[in-house]
Each structure stands twice: as structure tokens, then as C-alpha cells.
Amino acid sequence: MSDELMTQTLWTGDYYNEGSGKDGLFDKLKEECGVFGVYRHPDAASLSYYGLHALQHRGEESAGICVSDGSEFHYHRGMGLVKEVFDKDIMASLGGDIAIGHVRYSTSGDSKLTNAQPLVFKYRDGDLAVATNGNIVNALQIRRELEQSGSIFQTTSDTEVVAHLIARSPKDLVEAAKDAFNQIVGGFAFLVMTNDKLIAASDPHGLRPLTMGRLNGAYIFASETCALETIGAELIRDIEPGELLVLDKDGLREERFEHGKHRKALCAMEYIYFARPDSDLNGSNLHAARKQMGRQMAMECFIDADVVTGVPDSSISAAIGYAEQTGIPYELGMIKNKYTGRTFIQPSQELREQGVKMKLSAVRRVVEGKRVIMIDDSIVRGTTSRRIVNMLRDAGATEVHVCITSPPFKNPCFYGIDTPDRKELIASSKTIEEIRQEINADSLHFLSFEGLIEAVGGNNSSDPKGGLCLACFDNEYPTQVNFNGEEKFGCSC
């Protein structure tokens, strides 16, 4: 490879994964963010480090930890992966027994250090730190109103809107937080910390996951249970929609900031794609749920083929389920290279295609001369599916049948997932047959709504949607999403 070509294929930022996902080769849906909290543990910073490391898949662009020793904050934030942001000396400086941490994937919020979380402020009662996963749909509207009344914003993150609402309230912290959460619309899981308090809250629909655990008497909060497992904490329960928990010198208080009746609507993409397979959601293991999605896919659509393979990593569980249900052998037909970082913003299509092969490669001896069933979790723009199908054909597959373990993705997300505009979503304008032709597959099949709900265990719910938000598939949003053109898409936490 020439020096010129080598230069073009190396990542171009100051740190690994700078701008990760915004211009990448793969049109997969992008990560949200992850939060982690500790109350009253002497190693709060270290626990947060390991917890954030377990949540790294939810955000690879920046990381931060803020710790309180009871009288003052110690915090550090940086751009890049958790292991790059924190070293031994930095960790040694983070003394205290209360902590909140954050890993961030930015979308509409700028990719810069000022937006890295937790956001830390001085206010009338001392120090305040805020971290969140999700998106506030009406953040722009509230921000404009606050600016008109004199507020000065330091970041472009909508998390700062909540900090301003809390700081401007004449009420105590807990009541101010309740009022703030009642003014915002969207999907969110918040951790708010002062010198001696920790508050955890989930939006009224429970769109974004948040769990609580215990470790040696300390309370632990995390976006996913895999982070609790990593530090050896015991899972207590999920935080309920509209719930607000307060931890202070008096112990744990379980309160609510919203008392209206709302449909529970946990993001379906957590089950389908985002959460780690060793995490649990609503008492269901993600690996088992994804295997069941594969089984449901097989029951809805049997294809006569020689091998089943899954697109790494999120679709492997579903591929195993499909194979077990049909009796067709599961094979590792594709290998993902996990160590390429952010690369390949190249000027030519030829170089882009070479970049695909550097990130994902077909196992020729597995697929050559075979009829292949390729299992994937979703199709966004269609470009990734086409590249993978063609890669399998180039490796000698005689047929490539594509099974997607979700319904067609037609609508943008307002609640924390970075999705393209509706016009860029291939399923919003093309029929299944047109998509099949576009991706060069021999056949294309999507999991039904009923199959998805059945697979995640939502069939026992009185809610026909199984307690899920399916807006990206059916355009039925659980909250108001239109704010006179000032609504926010994606995630800017």
C-alpha cells in the first residue's frame, strides 16, 4: 500500500473514535449514551470506571466521572474511550463515596469537550452535577425561553437545560428536579448529584433503561445490568417510568415526579440492537430475547438453505435462534475486526469498499458454494446490507437470503437514537421487493410486529405494543414530538 493510500485510511481525529459514527461506512443506528452512579461506596470512582467500561458500547466519543467527598467535587472528563480518558493518576485524584459517570455518543450536540458529561455547575446550594441518557424533544424551546429570561448556556447539550431549570427554581433540590422533569418531553434517564445527594429519574414512559443495584450496602445505578455484573453488584430492580429516587443521609426515598397514567414504552431497539447480550431488560435476558427473535423469524419465514450466519455482533444471537429452530447449521460466516477505530473517510468508492473488508470480512471456506441465510437486526439506508450481501457473493455464496429481526425501520427517533431523516430511511419510500433489489439479495424478510413483541415477552401485557416504543416502525410516538419546528431529533445529551 502506498504512503498516500495509507495516510487516507488512518483515522483523522485527535483521539480514537473522534466523531465516531457520523460519517462511517456502516449505516447502523448509532449508540445512545450510558450513565452510571454510586452512592456511599469508598471506591466510588473505581466502580464508576469499571461500570462505564461495561457501558462503552453505548458511547465511544467522550467519558467523564464526577465524585463527591461530602464537601466538594472532584471530576475529570475527556474525549475518547474510557481507558484513554482515565489513567492511574487521574483516578487517584477522584476521592469520595458518591459518583456519577457518563459515556457519550454525540449527534446533534457538538463533539467537543465542553459537552462531555457529567456537566458540573455551581449553584446556590453548592455543587451540582448532571448526567443523562436520552433526548429532550422540547429542549430548544425551553432553552430559548431561558435565554430570553437571562440564562447563559455554556454547552450545546440539552442536559444543561435541566440544570438551568433546577438552578433557577426557588424550591429545594428534590422539588426543583421534579418540576424540571415535568417541563421536559422526551426519553431520558437522569442522574443528578450534589455534595451529599444522588437523584435518579426515568421519563414517564420509561423509554430509556435505568437499573438499580446494591454492593456492600452501597446503591448502584446503571443504564444496563451488564455494568452491575461487572462490579459484582446485585440487581434490585429497574427504575419505573416517572419515578424519582433520592439518596441522602436519611437513606433511599422512592418518589414520583409524574403521577399521570402513561403507557410504558421501552425503546424496542434496546432489545433489537443496542443493549449488550449479557444485559437484562424487564427481567428478560437480551441474548435469550434475540435468540427468540431468530426463532420467530424462522417460524414466520423458513428458507431452504445450507448455512445460517449473523452479522456481528448484535445479530449472532438471533442467527443461533434461527438455526436452532430450522435445523440449518449456524456458521461463523463473517468476522468483525474490532480494532480499526474511526477510519476510511476516503474520496473514492473503491477505497470505501476496501474499508468495509477491513472492518468486516467473509469466511470464504464457510460460505463458498453455499446458500446463505444472513441474519441482521435492521436496515437503515440499505448501503450496509448491500455491501455485506455483495461481500458474501464475492466469497462464493451461491444465494444470499436476508432476514431482518425487526419490522421495516421507517421513522426517525426523537428519544435518543441517532437516526437519519425519514427521507434517508430506505423502508420509508421503498417496498420490501424494491429494498431486496437494492441490496442485491435473493430474498428479503422482516420480522412482524407480533413476532417482535412475542420474542421479548411482551405478549402477556395488556398493552398491544407489549410495553415497547415501536415508533420507528409504526410512526406512533408515545409523546408529543412536534414543537413548532423547534423539536430535537436524535440524541444531544
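Colleague: Which hand does the crossing of helix 6 and helix 7 have, left-handed or right-handed?

Modeller: Helix 6 and helix 7 cross in a right-handed way. A crossing is left-handed if the near helix is turned anticlockwise from the far one by less than a right angle, and right-handed if clockwise. Helices (H or I, at least four residues) and strands (E, at least two) are DSSP runs, numbered from the N terminus. This is a predicted model, in which local features need pLDDT of at least 70 and side-chain atom pairs count only at pLDDT 80 or more, while totals for chains, interfaces and linings use all residues. Residues are numbered from 1 along each chain as its sequence is written, and side-chain values use heavy atoms, with hydrogens and water left out.

Colleague: At what angle do the axes of helix 6 and helix 7 cross?

Modeller: Two packed helices are described by the angle between their axes and the distance between the axes. Here the axes of helix 6 and helix 7 (residues 173–183) cross at roughly 135 degrees and come within 8 Å. Helix 6 is therefore oblique to helix 7 (under 35 degrees is roughly parallel, over 145 roughly antiparallel, 65 to 115 roughly perpendicular, the rest oblique). Axes are lines fitted to C-alpha atoms, for helices over the stretch in contact, and angles run from 0 to 180 degrees between N-to-C directions.

Colleague: Which residues make the contact of helix 6 with helix 7?

Modeller: Helix 6 supplies Val-162, Leu-165 and Ile-166, and helix 7 supplies Leu-173, Ala-176, Ala-177, Ala-180, Phe-181 and Gln-183; contact means heavy atoms within 4.5 Å. By class, this contact has 8 nonpolar residues, 1 polar and no charged.

Colleague: What angle do helix 5 and helix 6 make?

Modeller: Helix 5 (residues 139–148) packs on helix 6 (residues 159–168) at about 45 degrees, with the axes 10 Å apart. That makes helix 5 oblique to helix 6, and their crossing is left-handed. On helix 5 the contact uses Ala-139, Ile-142, Arg-143 and Leu-146; on helix 6 it uses Val-161, His-164, Leu-165 and Arg-168. These residues divide into 5 nonpolar, 1 polar and 2 charged.

Colleague: Is Cys-33 buried or exposed?

Modeller: Cys-33 has 0% relative accessibility, so it counts as buried (buried is under 20% relative accessible area, exposed over 50%, partly exposed in between; 1.4 Å probe, protein chains only). Cys-33 is in strand 1 (residues 33–39). An unreviewed UniProt entry lists Cys-33 under "active site", and such annotations may be inferred rather than shown by experiment.

Colleague: Which residues of helix 11 are buried?

Modeller: In helix 11 (residues 316–326) they are Ser-317, Ala-318, Ala-319, Gly-321, Tyr-322 and Ala-323. They pack against helix 10 (286–300), strand 17 (307–310), strand 20 (371–376) and strand 21 (399–404). After helix 11 comes Gly-327, with a positive phi near 85 degrees.

Colleague: Which peptide bonds are cis?

Modeller: One runs from Gln-117 to Pro-118, with omega near 5 degrees, and Pro-118 is in the loop between strand 4 (98–104) and strand 5 (119–123). Another runs from Pro-312 to Asp-313, with omega near -5 degrees. Asp-313 is in the loop between strand 17 and helix 11.

How values were computed. Ala, Val, Leu, Ile, Met, Phe, Trp, Tyr, Cys and Pro count as nonpolar, Asp, Glu, Lys and Arg as charged, and the others, Gly among them, as polar.
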